[in-house]
Amino acid sequence: MKHLFDFRKIALFVFGLVLFSACDEKLDEINVNPYGIEPSTANPNLLLPTVLSSAAQDYVNLGYNDLAGAVQHTQKNGWYGGHNHYDWNNRNWTGWYDILRTNELMISRGEDLENEYFQGVGLTMKSFVFGNIADLWGDAPYTDALKGDQGGEEFQYPEFDSQEVIYDGIIADLQEAVQILGSASNEGVTSGNDLYYGGNTQSWQRFANSLLLRYYMRLSEKKPDVARAGVEAIYSSGIYIEDPSQDATLDYTGGANDQWLSRHVRLNPDDFQRYQACQTFIDQLTGTNDPRLTVWFDSVRVQWVADETLATATEDFIRADGEPLSVDTYPYDDFVELYADVKFTRRYNPTLVEEDYNDDLYVGLPPGITVPESYNGNPSPGQGTQNQHVSQLAPIYSTEGSPGDILKARIISAAEVSFIFAEAALKGWNVGDAETHYNKAIEQSLETWNRGDEYNSFISQPEISFNNSLEQIMQQKWVASWTAAAESFADFRRTGYPALEAGPLSPQPEVAIRFQYGNDEYNNNSTNIEAALDGLEVTPFSGNFGADSPWSKPWLYQNTNVPF
């Protein structure tokens, strides 16, 4: 595999004209590309922002796209195969390995320059990226990956390591990163290029330990002794993310390259309109009077009102302030302009309609339905129109998002760390009190979304007050993982909570649990991928896909009854 050097996104101009003269000029001197960058002279400060921005953007892309659909935070009403129905065939991991190659060069240059900051940061990011690969696919190239420049067929076509080997390597690298960062200096570091922590080595050490907590908990059933010792040691050290101000995040900058929802409304409004709430999530938020509901979702733009005196099943017009407003279609821009001052309703007769209409103020799409664009009486179904009778994302994700606000790509948070400690305490590990950590996690999540002042009223509800159960911890961790759905997806597969179901109208019987390998591996590394398939456990739901199925189990979930 070749190193990726185009981190400045500058087009490389190749000069094909070679000038010959009678001079004793050497050919290798003539053919030097003045626009290229030699690995031996690459500045790690310039590699750093590419690694950090790409990793965070790819992670949040998982968190609001297909994995948000899998954990039923959202559903889509158009182009929904991957989001709603787990159409995850042939998912290539090229982007993740591109990040790893650039990151490997950064680590190498850190070693050459004897700069511990870049070494520690590089090991942390290597662990984060490989962690996502192992989480989502299972076995993958690891030990022999990123060595293509060394030559040899074994590096050009690397073998797949087991998921277990990758997790063990992640833990070893993070332990080393914590040690390195404990004594590292940020001398020679351009703080502005550290998009997460501005060159603060202590923050990076907290981040590395927090990732360690994440992966120790991944292994808590497979390797409980290792996991317990690791979690207890980190808790005793006090070096971990413990306040939302310490979260590992990439700020939303407002640029065209940001991988965030605001891109869609500015660059592709039709795509943004397709994101709608999932009823599973809406039921959780409304059922507990969760103050984060209004931060994340908009109420329906047209609320159904039951009226058994209506002579027809539904009215053909909507009402604004009680007055009929006749419309044939519901253009998104019209409602955005009017909705702030006008409440729209539409009447229906529950005794005449053929389906049950949801007349709540916040309505989600049921998970996995086969025709979501027509749900709840949408009068203008289609791939490019918005369903005005279903909630979509709040305005902050479209026109109101701005740099520096709560709109961030969040890689790991104080709330996640506190939930991990709550689960560990419930297991009897020496990390303090489970209820204290659980309460703190909820408070931290509310603070993250500017709802901290509602903590006391929220936590006092019977449904939220701690009941000493793993299910409740996972339920609230799932809620707090909004836009970081990759973590709740891992928790669901590991614990079975929350108890997600594919939905009665879903074409699939269960929620999928992994990505299929991509065509690149089948076409270019076929021998090694065949060996990797032998490591997957075929389940009754694997179907016609065979071993490489979204419903086959990688090592972490084998010989268990979760999530199925």
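Predicted model: local features only at pLDDT ≥ 70, side-chain atom pairs only at ≥ 80, totals over all residues.

Student: What classes of residue make up the contact of α17 with α19?

Tutor: Sorted by class, the contact of α17 with α19 has four nonpolar and three polar residues, and no charged residues.

Student: And at roughly what angle do the axes of α17 and α19 cross?

Tutor: The two axes cross at roughly 15° and come within 10 Å, which means that α17 counts as roughly parallel to α19. As for the hand, α17 passes α19 in a left-handed crossing.

Student: Now α16 against α17: how do their axes cross?

Tutor: The axes of α16 and α17 come within 8 Å and cross at roughly 165°, so α16 is roughly antiparallel to α17. The crossing of α16 and α17 is left-handed.

Student: Which residues make that contact between α16 and α17?

Tutor: From α16 the contact takes Ala-414, Ala-415, Ser-418, Phe-419, Phe-421, Ala-422, Ala-425 and Leu-426, while α17 contributes Ala-434, His-437, Tyr-438, Lys-440, Ala-441, Ile-442, Gln-444 and Ser-445. Divided by class, the residues of the contact of α16 with α17 are 11 nonpolar, four polar and one charged.

Student: Which residues lie nearest the centre of the largest cavity?

Tutor: Of the 18 residues that line the largest cavity, Ser-413, Glu-416, Ala-480, Ser-481 and Ala-484 lie nearest its centre. The elements that give two or more residues to this lining are β10 (408–412), α16 (414–426), α17 (434–448) and α19 (470–480).

Student: What's the make-up of the lining by class?

Tutor: The lining of the largest cavity has seven nonpolar, six polar and five charged residues.

Student: Back to helices for a moment. What about α8 and α9, how do they cross?

Tutor: Helix α8 (residues 163–183) and helix α9 (residues 201–218) have axes that come within 9 Å and cross at roughly 155°. Since angles over 145 degrees count as roughly antiparallel, that makes α8 roughly antiparallel to α9. The crossing of α8 and α9 is left-handed.

Student: Which residues are involved on the α8 and α9 sides?

Tutor: On the α8 side the contact is made by Tyr-167, Ile-170, Ile-171, Leu-174, Gln-175, Ala-177, Val-178, Leu-181 and Gly-182, and on the α9 side by Thr-201, Trp-204, Gln-205, Ala-208, Asn-209, Leu-211, Leu-212, Tyr-215 and Tyr-216. By class, the contact of α8 with α9 has 13 nonpolar and five polar residues, with no charged residues.

Student: Last topic, the backbone: which peptide bonds are cis?

Tutor: The peptide bond from Tyr-497 to Pro-498 is cis, with omega near -5°, and Pro-498 lies in the loop between α20 (485–495) and α21 (519–524). A cis peptide bond also joins Val-562 and Pro-563, where omega is about -10°, and Pro-563 is found in the segment after α22 (526–533).

Student: And what is phi of Gln-72?

Tutor: Phi of Gln-72 is near 65°, a positive value in a residue other than glycine. Gln-72 lies in the loop between α3 (66–70) and β1 (74–76). Most residues other than glycine have a negative phi, and most peptide bonds are trans.

Note on methods:
Residues numbered from 1 in each chain as written. Heavy atoms only, no water. 1 Å grid on protein atoms, 1.4 Å probe; cavity = no way out; pocket = protein on both sides within 12 Å on 5 of 7 lines; lining within 4 Å. Helix = DSSP H or I, 4+ residues; strand = E, 2+ residues; numbered from the N terminus. Nonpolar A, V, L, I, M, F, W, Y, C, P; charged D, E, K, R; others polar. Axes fitted to C-alpha atoms, helices over the stretch in contact; angles between N-to-C directions. Parallel < 35°, antiparallel > 145°, perpendicular 65-115°, else oblique. Left-handed = near helix turned anticlockwise from the far one by under 90°. Contact = heavy atoms within 4.5 Å.
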